[in-house]
Amino acid sequence: MCSLEKRGNLFILILTGQNGEHRLNPNLFSSIISAISRAKVESTRGSALVTVSHGKFFCNGFDLDWVNAAGSDEETQQRFNLLLDNLKQLVLAFISLPMPTIAAVNGHAAAGGVVLALCHDYVLMRRHRSVLYMIDLDLGIKIPEPFMALFRAKNSGSARRDLLLRGLKIKGEEALKMGIVEAVYDGEEEVTNAGIKMADDLAKRNWHGEVYAEIRKGLYSELCDILGIASIPIATPRL
Amino acid sequence: MCSLEKRGNLFILTLTGKNVEHRLNPEVLSSIISALSRAKAKSTRGSALVTVSHGKFFCNGFDLDWVNATGSKQEAQQRFDYSLDCLTQLVQAFISLPMPTVAAVNGHAAAAGVVIPLCHDYVVMRRDRGVLYVNDLEMGLKIPELYMAFFRAKTSGWALRDLVLRGLKIKGEELLKMGIVDAVYDGEEGVTNAGMKMADDLARRKWDGEVYAEIRKGLYSEFCGMLGIASKAIGTPKL
């Protein structure tokens, strides 16, 4: 599933799991959301979180085997809808997290896995052996609104179109040019270490987590409206 | 405070403000708003405005000496809020100005001071000196909703994040990459002359000022919506 490690001021969220594709099903969702809650509870000024994984995949999207193992068409749809709800909860949790967040994408990410990567403040990626693939169009699945709002906040113009409407498997260098990722690295160790270093550098800024989260929500105003996350007023410190 | 000079079709607004940092207090803001009113009253087809300043700073934000020179924390908050209200009125005045506007940024702009260049249609900046520094996060201050909407109108995606969520002092070349400034020049004379030339080139287009302002407001639709600045109907000319 996943594990949360604390290293000094850093929270390291590791996507684990035997099958290696880190497919999102209710168990993994629950595990990630719990981990984020724990990080939130234990957060202080100068906290930061980096999400890492190992192997061929970062996260290959919803566990469609689980969805399709339902008894009926109706139940299949229900299971799929449940995963969508869970993904919404996950996005909400990340966007409200009172600390900077980084995804160190070591391998392939598809559909829900792309959403997972992109709900971090910064995305680092491998130059090779890693693609971002919004497979939804190729599978004939419409991308639901809340997630479209996330993508709209992250990208615009031709980058947005190329990410969502072109069935592209986007490699690191291209993702960098499109402004989707911050930097690319060779090798799993390099991208993971870079993620940890970046988290560390951001943590050292010692920002107020609450203020950070509130400003961050302003980057996703449309998404926050859809998800019903109100802005909280924060008492003004000594000016 | 500021001065307004007319040179042919150009209005040249020089920021002086309080002390070398050209700090903003209600008196300074009121003075700039008056200058803009005068420009508006004298505007014709083919008018344009360029805002310049001299020295190390373009505008370093609110006059915190004035804000804090009160008996209580509550009063200081009131003075801060009042400064913010005056700033909002100034932004409204810039956004409604019936002529193209250019900011020639010769030096540092920080905090509320960043809003001033950004409420111009075009920003030219020095390459060799001067940063834009949105320091709210560093100060532990949440950025007001209205100003998040203002920043969202100007930029998006990773550039918006880097502007408001990273505590960065951003130089001209980087701002050019981010699409926040239009061009960079060396030296104060270089950027000031470039600003005037740009304003002059825009003035020669002889646009209808009212139409210009109405189209411009559409670029800030969310911001204008929050302020209740409605779009006006304009008589349709012969098509």
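Where in chain A is Asn206(A) found? In this predicted model, Asn206(A) sits in the loop between helix H9 (188-203) and helix H10 (209-219) of chain A.

Look at the backbone there. Most residues other than glycine have a negative phi. Asn206(A) has a positive phi, near 60 degrees, and is a residue other than glycine. Its relative accessibility is 37%, so Asn206(A) counts as partly exposed.

Now move to chain B. His22(B) also has a positive phi, about 55 degrees, although it is not a glycine. This residue lies in a loop too, between strand E2 (10-15) and helix H1 (26-41) of chain B. Is His22(B) buried or exposed? His22(B) has a relative accessible area of 7%. Buried means under 20%, so His22(B) is buried.

Return to chain A for another buried residue. Ser221(A) belongs to helix H11 (residues 221-227) of chain A. Its relative accessibility is 18%, so Ser221(A) counts as buried. Which residues does Ser221(A) contact, leaving aside neighbours within four places in sequence? They are Arg152(B) and Glu222(B).

Next come the charged side chains. Side chains of opposite charge can pair when their charged atoms come close. Over all chains, the count comes to 32 salt bridges.

Start inside a helix. Asp85(A) forms a salt bridge with Lys88(A), and the closest N and O atoms are 3.7 Å apart. Both residues lie in helix H3 (residues 73-96) of chain A. They are three residues apart, about one turn of the helix. Asp85(A) is partly exposed, with a relative accessible area of 41%. Lys88(A) is partly exposed as well, at 28%.

In chain B, the side chains of Glu5(B) and Arg7(B) meet in a salt bridge, at 3.0 Å from N to O. Glu5(B) counts as partly exposed at 35% relative accessibility. Arg7(B) is partly exposed, with a relative accessible area of 46%.

Which residue forms a salt bridge with Asp186(B)? The partner is Arg127(B), with the closest N and O atoms 3.0 Å apart. Asp186(B) lies in the loop between strand E10 (183-185) and helix H9 (188-203) of chain B, and Arg127(B) in the loop between strand E7 (122-126) and strand E8 (131-133) of chain B, so the pair ties together parts that are 59 residues apart in sequence. Asp186(B) is partly exposed at 47% relative accessible area, and Arg127(B) is partly exposed at 35%.

Finally, look at a network. Salt bridges link Glu182(A), Arg161(B), Asp162(B) and Arg166(B).

Methods: Residues numbered from 1 in each chain as written. Chains lettered and ligands numbered in written order. Predicted model: local features only at pLDDT ≥ 70, side-chain atom pairs only at ≥ 80, totals over all residues. Heavy atoms only, no water. Helix = DSSP H or I, 4+ residues; strand = E, 2+ residues; numbered from the N terminus. Buried < 20%, exposed > 50% of the residue type's maximum accessible area, 1.4 Å probe, protein only. Contact = heavy atoms within 4.5 Å. Salt bridge = Lys/Arg side-chain N within 4 Å of Asp/Glu carboxyl O.
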